[in-house]
Amino acid sequence: MASLSRDWTAKRFFQHALSELSLDPNNIASVQRFELMDQAVSAVASMFYDLVSNSYLTAVTILPDTTGRYSNSGTGTWVAATKTLTFVDMNTDFGSGDVGKTIVFRVGALVYIGQVASFVGIDAVTVDGHNLPAADVTVDYVLLSSSTPTGNNITLNGLRMMRTAAIKLVLASTESENVVPMSEEELNGWQNGAPKNNGRIAWAYTGEFINLRKGADLTTYGTFTLTYPRVPYAITADTDYLDLPDGALIDIALAKLESLISNRVTLPKPMPDKSTELRGAIDSLYRSAGKEISQELITSKIKSLL
Amino acid sequence: MAVTVRSQVLKLALRVDPRTKAQVEFVGATIGTVAGNRFAAQRLLDIYNEARVGLAGAIRVLMPPEKRATVISGLILRSTSGAPSTFTSGVLTLPAGFIDHIALRTSADVDIPILPSSVLQIASRHDAAANPFVFREGGTLKVLPGSTSVPDASDYEFWYYGVTDFTLTDVTNGTSLETYNDDLLPRLLNIAERIANAQGNYDPNAIAFDEIQKG
């Protein structure tokens with residue numbers, strides 16, 4: 001995964017900050033440097049996402065899960081405290097795409113029904129519902145529906161998506177060129193048998209899911225490509241490059257990093273005042289993008305940075 | 001750094017104990033071998049060595065790292081392969097004459113921050129192969145218990161300020177050089193003189209602090 005900067009490694013960036021603060025590496029901030037740099041880069045990316053969002057758009061291939069599952073043999077367990085159902089010998093492993101699906105399980109003469117709340121592992125899920133077992137019991141049989149009660153969905157669990165700005169999602173399918181976004185309310189009223197919807201795929205983004213419906217002419221959803229705005233890649237090594245576009249944003253992130261370091265280490269001399277420099281950098285960033293920004297907003301951003 | 005130990009100790013003697021017991025003024029040939037009226041040869045040298053340690057301590061406290069590295073550049077020592085830059089069972093014993101650390105690095109030029117033990121709990125969760133660090137603990141540098149980020153090896157490069165006591169041989173050989181920068185030598189002699197005359201609180205550090213703060 002290529003980071004956006006081509007010039008600034010984590011080591012260069014952090015040493016630059018230490019040098020400006022007249023610090024050597026023998027301090028707690030050096031040990032926390034990866035987290036501090038992540039914090040600085042994330043803060044700047046989030047603060048200026050309106051300018052740089054296109055740089056962070058990322059495409060990922062997603063397959064909606066339309067597979068049901070059933071238990072083969074043996075028994076499983078239900079842990080009441082955590083509402084976790086574990087069954088090792090399923091015909092196919094549980095997956096993250098099972099979240100939201102209806103699950104039925106038998107305990108002796110009693111049959112329970114619920115909805116998969118979260119994916120724990122290939123043998124276990126948590127379940128939500130009414131009148132589920134109040135004590136730990138042995139599970140005799142499990143059936144998992146092939147889709148959610150309202151249709152199919154794609155889970156966005158595991159996607160590191162920027163959620164603090166206006167989220168731009170684009171969904172494309174190999175099965176249809178007519179993939180239409182809508183609200184959850186519109187999706188609930190969408191008629192897959194209506195002639196105009198026959199070749200369409202409709203979708204709505206809700207929390208951790210993209211809910212789907214397909215027209216009557218489509219037998220599968222095909223393979224989806226989801227384009228979403230990601231968060232900057234985390235830094236894990238000194239050789240990693242910063243995930244921030246080169247230029248003024250690096251200077252702004254440097255000021256933020258120095259502020260974070262100064263909160264942890266006693267500085268040998270006062271921190272340099274970068275307010276004027278930052279004001280100029282932010283103003284020129286917006287001008288070069290053809291956008292306006294008020295002086296009050298610039299002042300507010302500088303306060304957040306420092 | 002171009003002045004011999006013999007020359008320095010002779011200057012000290014001429015200030016505080018200028019004549020031998022035979023009432024002959026000290027010269028280069030006799031300093032370090034015969035006793036003076038007040039001090040035996042070793043005692044005079046001990047006073048001088050105390051002054052050296054006291055001066056280093058005062059500079060360490062009073063000067064910021066950047067200035068310190070220039071003012072006492074002659075005291076910067078670097079250990080490369082072999083003891084004392086060896087970690088054994090996660091411990092590196094600080095060398096004799098150690099005053100303060102500067103840097104610890106691997107042979108691959110990876111910096112290893114040296115932290116105070118007071119931040120052990122905060123630092124411990126950051127321990128990783130890509131993020132090694134050690135703690136100062138007494139006369140050692142120690143690796144976080146259970147960590148493998150700083151493996152036992154003998155090729156670490158350890159930079160530090162050190163003041164190793166001179167011996168009478170260093171005085172008499174006429175070749176051993178004082179490691180302090182030349183511009184500090186008069187101040188060093190002032191400290192030693194005050195220690196010898198026990199002026200004020202007989203604390204080499206306190207005397208050294210006073211000398212440095214005179215400007």
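Predicted model: local features only at pLDDT ≥ 70, side-chain atom pairs only at ≥ 80, totals over all residues.
Visitor: Thanks! Which residue forms a salt bridge with Arg106(A)?

Guide: Asp140(A), with the closest N and O atoms 3.8 Å apart. A salt bridge here is a side-chain nitrogen of Lys or Arg within 4 Å of a carboxyl oxygen of Asp or Glu. Arg106(A) lies in strand 5 (residues 102-107) of chain A and Asp140(A) in the loop between strand 8 (137-139) and strand 9 (141-144), so the pair ties together parts 34 residues apart in sequence. Helices (H or I, at least four residues) and strands (E, at least two) are DSSP runs, numbered from the N terminus. Asp140(A) is partly exposed too, at 25% relative accessibility.

Visitor: How many salt bridges are there over all chains?

Guide: The whole structure has 17. One of them joins Arg33(A) and Asp238(A), whose closest N and O atoms are 2.9 Å apart. That pair links distant parts of the chain, 205 residues apart: Arg33(A) is in helix 3, and Asp238(A) is in the loop between strand 15 (224-229) and helix 6. Arg33(A) counts as buried at 9% relative accessibility, while Asp238(A) is partly exposed at 22%. There is also a network of salt bridges linking Glu20(A), Glu258(A) and Lys274(A).

Visitor: New topic: which residues touch the most other members of the largest nonpolar core?

Guide: Phe13(A), Leu244(A), Ile252(A), Leu257(A), Ile261(A) and Ile282(A), out of 53 residues in that core. A nonpolar core is a set of buried Ala, Val, Leu, Ile, Met, Phe, Trp, Tyr and Cys residues joined through side-chain atoms within 4.5 Å. Helix 6 of chain A gives the largest share of this core, nine residues.

Visitor: Which residues is Ile261(A) in contact with, leaving aside its neighbours within four places in sequence?

Guide: Taking contact as heavy atoms within 4.5 Å, the partners of Ile261(A) include Phe14(A), Leu21(A), Ala29(A) and Leu36(A). Apart from this core lies another, of 40 residues, among them Leu45(B) and Tyr180(B).

Visitor: Now the interface. What area is buried between chain A and chain B?

Guide: About 1,300 Å², with carbon and sulfur atoms giving 52%. Buried area is the accessible area (1.4 Å probe) that two parts lose on being put together, summed over both. Asn26(A), Ile28(A) and Val31(A) supply 44% of the area that chain A buries against chain B, more than any other three residues. The contact takes 15 residues from chain A and 17 residues from chain B.

Visitor: How many salt bridges are counted between chain A and chain B?

Guide: One. Arg125(B) pairs with Glu35(A), the closest N and O atoms being 2.7 Å apart. Arg125(B) counts as exposed at 56% relative accessibility, and Glu35(A) as partly exposed at 35%.

Visitor: Last one: what is the phi of Ser22(A)?

Guide: About 60°, a positive value although Ser22(A) is not a glycine. Most residues other than glycine have a negative phi. Ser22(A) lies in the loop between helix 1 and helix 2 of chain A and counts as buried at 12% relative accessibility. Lys83(A) also has a positive phi, near 55°, and sits in the loop between strand 3 (76-79) and strand 4 (84-86) of chain A.

Notes. Residues numbered from 1 in each chain as written. Chains lettered and ligands numbered in written order. Heavy atoms only, no water. Buried < 20%, exposed > 50% of the residue type's maximum accessible area, 1.4 Å probe, protein only.
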